[in-house]
Amino acid sequence: MGETPKTQRLMEVFNRFRRAGWHKPPLEGLKPSEVKVLFFIHRGSHNDPRGVMISSISSMMEVTSPTVTPLVRSLENRGLVVRYTDEEDRRAVRIKLTEQGEAVTRKAHEAYTRRFTGLINHLGEEKSGQLAELLEQVYEYLDQQHRSQQDQ
């Protein structure tokens, strides 16, 4: 195909991230999407101690509720979250982390923090700042491309 050497290099670098396992969750046995749900439940529960609803999680994750429901069910089966009926609104089902869920979420957060701290230590402060700026620009570009494709 007609890729330039720079295009080819960028494509190869992005492909290497998958092989490096960067996208994998920091805890065995959990999918990246399940870890993400735990983080959102944790965050949502701090904003509302009653817990969060599926619709709130799906909104935070920018996915549909039917995408979130099986993830919550899986986490519930593992004893990491509990679902219960809201006492104020009997139609609403809320979700909270169990003690075990809190512990797993804390471990995952610590593992992610170590991963990024290690990267900063490896690159140094200046290059880490540059990388963050470049990745923000990459995100803006990709988001713009995605939006323009949706408008067509």
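In this predicted model, the buried residues of helix H2 are covered by elements that include helix H3 (54-61), helix H4 (65-77), strand E1 (81-85), strand E2 (93-97) and helix H5. The axis of H2 crosses that of H4 at roughly 85° and packs against H5 at an angle of about 110°. An aromatic pair, phenylalanine 39 with tyrosine 112, links H2 to H5.

**Helix H2**
- H2 comprises 16 residues, and the distance from its first C-alpha to its last is 23 Å, close to the 22 Å expected at 1.5 Å a residue.
- The buried residues of H2 are Glu34, Val35, Val37, Leu38, Phe40, Ile41, Gly44 and Ser45.

**Packing of H2 with H4**
- The axes of these two helices come within 10 Å and cross at roughly 85°.
- H2 is therefore roughly perpendicular to H4, since angles of 65 to 115 degrees are classed in this way.
- On the H2 side the contact is made by Ser33, Glu34, Val37 and Leu38, and on the H4 side by Leu71, Val72, Ser74 and Leu75.
- By class, the contact of H2 with H4 consists of five nonpolar, two polar and one charged residues.

**Packing of H2 with H5**
- The axes of H2 and H5 lie 10 Å apart, at an angle of about 110°.
- This angle makes H2 roughly perpendicular to H5.
- From H2, the residues Val35, Leu38, Phe39 and His42 meet Glu102, Val104, Thr105, Ala108, His109 and Tyr112 of H5.
- The contact of H2 with H5 divides by class into six nonpolar, three polar and one charged residues.

**Aromatic pair**
- The count of aromatic pairs comes to one.
- Phenylalanine 39 and tyrosine 112 form this pair, with 5.8 Å from centre to centre and 55° between the planes, a geometry that counts as tilted.
- The pair links distant parts of the chain: phenylalanine 39 belongs to H2 (residues 32-47) and tyrosine 112 to H5 (residues 99-123), with the two 73 residues apart.
- Phenylalanine 39 has a relative accessibility of 25% and therefore counts as partly exposed.
- Tyrosine 112, at 21% relative accessibility, likewise counts as partly exposed, because buried means under 20%.

Note on methods. Residues numbered from 1 in each chain as written. Predicted model: local features only at pLDDT ≥ 70, side-chain atom pairs only at ≥ 80, totals over all residues. Heavy atoms only, no water. Phe/Tyr/Trp six-rings, centres within 6.5 Å; stacked < 30°, edge-to-face > 60°. Helix = DSSP H or I, 4+ residues; strand = E, 2+ residues; numbered from the N terminus. Buried < 20%, exposed > 50% of the residue type's maximum accessible area, 1.4 Å probe, protein only. Expected span 1.5 Å × (residues − 1). Contact = heavy atoms within 4.5 Å. Axes fitted to C-alpha atoms, helices over the stretch in contact; angles between N-to-C directions. Parallel < 35°, antiparallel > 145°, perpendicular 65-115°, else oblique. Nonpolar A, V, L, I, M, F, W, Y, C, P; charged D, E, K, R; others polar.
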